[in-house]
Amino acid sequence: SKACKKPNILVAGITGAGKSTLINAVFGEELAKTGAGLPVTQHFQKFEPKDKPIVVYDSKGLEFKEHEAFIKQTGEFFTDLRKKPDVADHIHIVWYVVNVARGRFEQFEAELVRKVFNPTPVIFVLSKGIIL
């Protein structure tokens with residue numbers, strides 16, 4: 001941890017869950033493009049503002065019919081970063097955004113968390129819920 005000056009955070013989740021909105025809220029400015037309907041982020045986009053103490057990677061949204069390709073691509077992304085000798089280049093934590101309005105967590109999402117992200121810690125961020 002001493003070698004890592006800024007933690008690298010990967011933000012992942014189903015398309016439309018609010019990943020880019022979360023990134024914009026964390027940085028306090030509109031860095032990540034947001035949209036409704038079709039996915040906006042196409043692969044992995046790195047955000048590293050000089051005045052912020054973190055680095056965030058926005059991922060393409062996970063979609064049901066494309067989940068196998070997404071899991072494969074994300075696995076390759078993780079593997080490539082883990083091969084780098086400098087731990088500062090690795091993903092240190094995953095924020096997995098769950099749209100609670102959907103009312104479900106799919107099996108392919110669990111597979112992604114267990115097979116690809118493991119052993120990287122995962123924090124589940126609940127979005128689009130109703131506050132009573």
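Guide: Contact means heavy atoms within 4.5 Å. This is a predicted model, in which local features need pLDDT of at least 70 and side-chain atom pairs count only at pLDDT 80 or more, while totals for chains, interfaces and linings use all residues. Residues are numbered from 1 along each chain as its sequence is written, and side-chain values use heavy atoms, with hydrogens and water left out.

Visitor: What do the buried residues of α2 pack against?

Guide: They pack against β1, β2, β3, β4 and α3. Such labels are DSSP runs numbered from the N terminus: helices (H or I) have at least four residues, strands (E) at least two.

Visitor: Which residues of α2 are buried?

Guide: H67, F70, I71, T74, G75, F77, F78 and L81 are buried in α2. Buried means under 20% relative accessible area, exposed over 50%, and partly exposed in between (1.4 Å probe, protein chains only).

Visitor: Why is F77 called buried?

Guide: Its relative accessible area is 15%, so F77 falls on the buried side of the cut-off. F44, at 27% relative accessibility, is therefore partly exposed.

Visitor: What makes F44 and F77 an aromatic pair, and of which kind?

Guide: Their centres are 3.9 Å apart and their planes 5 degrees apart, which makes the pair stacked. The rule takes rings of Phe, Tyr and Trp (its six-membered ring) with centres within 6.5 Å; planes under 30 degrees apart count as stacked, over 60 as edge-to-face, the rest as tilted. F44 lies in strand β2 (residues 44-47) and F77 in helix α2 (residues 67-83), so the pair ties together parts 33 residues apart in sequence.

Visitor: What kind of pair do Y57 and F77 form?

Guide: The ring centres of Y57 and F77 are 5.6 Å apart and the planes are at 65 degrees, so this pair is edge-to-face. Y57 is in strand β3 (residues 55-59) and F77 in α2, so this pair ties together parts 20 residues apart in sequence. F44, Y57 and F77 form one aromatic cluster.

Visitor: Why is N8 called buried?

Guide: The relative accessible area of N8 is 4%, so N8 counts as buried. N8 is placed in strand β1 (residues 8-13). Leaving aside residues up to four places away in sequence, N8 touches several residues, including V55, Y57 and H90.
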